[in-house]
Protein chains: 2
Amino acid sequence: MSEEYDLIVIGAGPGGYIAAERAGAAGKKVLLIEENEMGGECTNHGCIPTKSLLAGAKHYVHALESEKFGVTTTEARYDLKTAMAWKQETIETLRAGIAFLMKKNKVVVVKGAASMNPDRSISVNGKHYNGRNIIIATGSSPAVPPIPGADGENVLTNRGILAIEKLPKKLAIIGGGVIGVEFGCYFSSIGVDVTVIEMMDEILPMMDNELASVMRKALKGVEFINSAKVTEITKKGVTYEKGGKSIDVQADMILMAVGRRPNLDGFKDSGLDITRGGIKVDEKMRTNLPGVYAIGDVNGKSQLAHSASRMAEVAVNNILGKEDKMRYNAIPWALYTLPEASGCGMTEKEAKEKGIPVKIASVQMRANGRFLAEYGKREPGLCKVIVNAETGVLLGVNLIGGVASEMIPAVATMIESELRVEEIKEIVFPHPAVAEVIRDAMFEF
Amino acid sequence: MSEEYDLIVIGAGPGGYIAAERAGAAGKKVLLIEENEMGGECTNHGCIPTKSLLAGAKHYVHALESEKFGVTTTEARYDLKTAMAWKQETIETLRAGIAFLMKKNKVVVVKGAASMNPDRSISVNGKHYNGRNIIIATGSSPAVPPIPGADGENVLTNRGILAIEKLPKKLAIIGGGVIGVEFGCYFSSIGVDVTVIEMMDEILPMMDNELASVMRKALKGVEFINSAKVTEITKKGVTYEKGGKSIDVQADMILMAVGRRPNLDGFKDSGLDITRGGIKVDEKMRTNLPGVYAIGDVNGKSQLAHSASRMAEVAVNNILGKEDKMRYNAIPWALYTLPEASGCGMTEKEAKEKGIPVKIASVQMRANGRFLAEYGKREPGLCKVIVNAETGVLLGVNLIGGVASEMIPAVATMIESELRVEEIKEIVFPHPAVAEVIRDAMFEF
């Protein structure tokens, strides 16, 4: 006996739950399978808890450092337990919200680990389900490299470190990507001694190299060690090799943040075309099997929550017979550090690798009225804009400073709409806004 | 004897200095005349000083109210003198920046009050200047209505209140527009007892009426009295009439913020076509006199700094022979209060008055991940979106919550690009961002 659905979605993260919601809203009979909690890694162990904690860390830093604005405090304190409770409340509110959306859209939710059989049926908890369409959205898990000591009790991933009850004295973070840098900023802001060890010659690979260097210096509380390879983890800390030398970093806690691997456990016998990066898909999110789609981290195309959600919409639109395809040229990213950073589109390096002739403009935020009023001329802030030298079409923007994360949707809109410099000049930005730097940069061309 | 210029700009506010900069950058010989300081009302007595002070007030409130995030302080203090010094430093940095831009673009700057003669020559300090083109950008001044006592020493406008050395105990603000509400938020945030008295039945006329009401309630520290007419000001405070009754509000300081009037002093004999609202202009900012343009508050079309700057660009482009005209359908506004608010395009009421068939969607921010993480489910936050019911084209967005001021450029870009709901759905927003509410609203249609 097996149950029949129009669509079976495996995984209830920002890919899966959006797919289920959109398909349910369109009247489809949808089954959503999730092994753990609703919301996936993003809601439970990623985007949301980190932002909940970073919000408090920013308020703590401001409470300590707002003298220039006329605000002084004595005895500013940070309480981890309260912060963790706030984080947990945020997570649970969002989980409940997702559960409500599923109910509203008549999505059947089953809890359990799913596997896909050679006949394309899906097994969960010994029961079998058939779907006219299947969307795989199982996400990813932290990669743990084969470093001696990496399995020690003092080594945590994003999951473990979001559940600590006591702050470390010294934290070593292996990996200077988004996860490493956000946790580095969080812990250093609340007084923990932090060292980030990065294998590449610069942190933040998605960012323009020049701005990544500005960012590294802006995060004053964090010690960054680039071009360093971790060779061993012990109870006392981390050993790395750099320039032929072996160096020890003392740490009572170690965060492993070297990347993420697709969750492929249930698909070994499925007949799916799987590479090292994940399940192979085309621009409509279709796998090699008819009616089977793979979205989000599990396809390895773009490991961001909002990419997963957009992929969900592309897959569902195709299932519904609507023309839609995934584009990767206007996907923003954001770093919720202090200062914030964000970007969208190509970096200078990417454009040059593709042989696209570019023009570049950089604007310092200290020339911006709101930035001066709210941060001051001594704080780091920069906007770098890349346009196609032949057509004038906007290709990419990188930002450091202000609330960069909320400024970048304007850029995503411009790139998606293929706007040219002359067209962007005609868009009116509010004054004063830090976002004006984007418009101002257009007058540098 | 008179000097000859390609362009004479009168007034160095956000209209005038942008006009001078753009024309200078295009190689024109430009004279800029300013009676007071570089930067005009915006830099010296408006946008910039208020944001400098509000930045501190927000940090002060956060220092007092961040317990839920795990941050506690004892003895948080606000020092007006330090805050005023920060404000002054911001102003002076920006003024110096404008002076630098003028120098860089070879703009000649003359200090003095300008007047325009019937022969179109411009007189300043007894000297006469001729310009092939003239841009009038003299701005506006606070309107002071003929209320008995309005000329008292206890009555200040935006200029006076930004120069106080001692906080009032009780502040009465006459007028619930942007200026009244921002000052109301500022003073109440730092502990002053504030009453705002508004003649209309709702505050914030540019805002969607429903959201203005949410905003009024969100500003908990301010007492708002709507539909009230101030009849007298005395040393003890303000008397207003409401519903046939006469009521006294005690106040040791009164802010007059009932609107602004164009600065037309130097143009009485110019032959310019002037109405009550200001100098009449067409969509290219041309007045009735050939080669004479009027931009910014002095033409009364849109009393916002960024409108003035865009008008400057339109006027200069027309002087340079480039096709350009002013559009008013995608001009954003922002309110830098706590919570922030912003808007762009039409409100529901405006659309209905114009007979445009509309569809409306409202999204509560408490469903948004970042909003929950950084503010919480008990804080006010709302996004209201209006689209053309026939074409699906976005007409307007109003926002309360998050850093609304930095989110609205995305909306300005969408409206200026005449995007439809189905196109906006394909734009990827970063997750988590409060700005996602704009995209989420599209799925309500």
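1. In which sense do S3(A) and strand S3 of chain B pair, and over how many bridges? In this predicted model, the two strands pair in the antiparallel sense, over 5 bridges. Strand S3 of chain B covers residues 71-78. Within this pairing, the residue that stands opposite A:Arg77 is B:Thr72 in S3(B).

2. The contact between the chains involves 74 residues from chain A and 73 residues from chain B. On the side of chain A that touches chain B, the elements giving two or more residues include helix H3 (47-64), strand S3 (71-78) and helix H4 (80-104). Helix H8 (305-319), strand S21 (332-335), helix H10 (369-374) and helix H11 (404-416) of chain A also contribute two or more residues. Sorted by class, this side of chain A has 39 nonpolar, 23 polar and 12 charged residues.

3. The symmetry of the pair may be stated as follows. Chain A is superposed on chain B by a rotation of 180 degrees with 0.0 Å of shift along its axis, at an RMSD of 0.0 Å. That is the relation of a two-fold axis. In chain A, the C-alpha nearest the axis belongs to A:Ala410, at 1.8 Å from it. Both copies use the same surface, since 99% of the contact residues of chain A recur in chain B.

4. Within chain A, H3(A) packs against helix H6 (residues 178-189) at an angle of about 40 degrees, and their axes are 9 Å apart. The two helices are therefore oblique to each other. H3(A) passes H6(A) in a left-handed crossing. From H3(A), the contact is made by A:Thr50, A:Leu53, A:Leu54, A:Ala57, A:Tyr60 and A:Val61, and from H6(A) by A:Glu182, A:Tyr186 and A:Ser189. These residues divide into 6 nonpolar, 2 polar and 1 charged.

5. In chain B, helix H1 (residues 16-25) packs with helix H8 (residues 305-319) at about 35 degrees, with axes 8 Å apart. The crossing of H1(B) past H8(B) is right-handed. H1(B) makes the contact with B:Ile18, B:Ala19, B:Arg22 and B:Ala23. The residues of H8(B) in the contact are B:Ser309, B:Ala312, B:Glu313, B:Ala315, B:Val316 and B:Ile319. By class, the contact has 7 nonpolar, 1 polar and 2 charged residues.

6. Chain B contains an open sheet of 5 strands in the order S9-S16-S10-S11-S12, with parallel pairing. Strand S9 (155-156) and strand S12 (222-225) stand at the edges with a single partner strand each, so one side of each is left without a neighbour in the sheet. Strand S11 (residues 193-197) runs parallel to S12(B), to which 4 bridges join it. B:Val194 stands opposite B:Val222 in S12(B). Helix H6 (residues 178-189) of chain B packs on the sheet, where it touches strand S10 (170-174), S11, S12 and strand S16 (253-256). The direction of this helix makes about 165 degrees with that of S11(B).

7. Two hairpins of chain B share strand S14 (residues 237-242). Strand S13 (residues 229-234) and S14(B) pair in the antiparallel sense over 5 bridges, and the hairpin between them passes through 2 residues. The bridge partner of B:Thr234 is B:Gly237 in S14(B). S14(B) and strand S15 (residues 245-250) run antiparallel, joined by 6 bridges, with B:Thr239 partnered by B:Asp248 in S15(B). The hairpin of S14(B) and S15(B) has 2 residues between the strands, and B:Gly243 in the turn has a positive phi of about 55 degrees.

Key:
Residues numbered from 1 in each chain as written. Chains lettered and ligands numbered in written order. Predicted model: local features only at pLDDT ≥ 70, side-chain atom pairs only at ≥ 80, totals over all residues. Contact = placed C-beta atoms within 7 Å. Nonpolar A, V, L, I, M, F, W, Y, C, P; charged D, E, K, R; others polar. Pairing = 2+ DSSP bridges. Axes fitted to C-alpha atoms, helices over the stretch in contact; angles between N-to-C directions. Parallel < 35°, antiparallel > 145°, perpendicular 65-115°, else oblique. Left-handed = near helix turned anticlockwise from the far one by under 90°. Least-squares fit on C-alpha atoms with pLDDT ≥ 70 in both.
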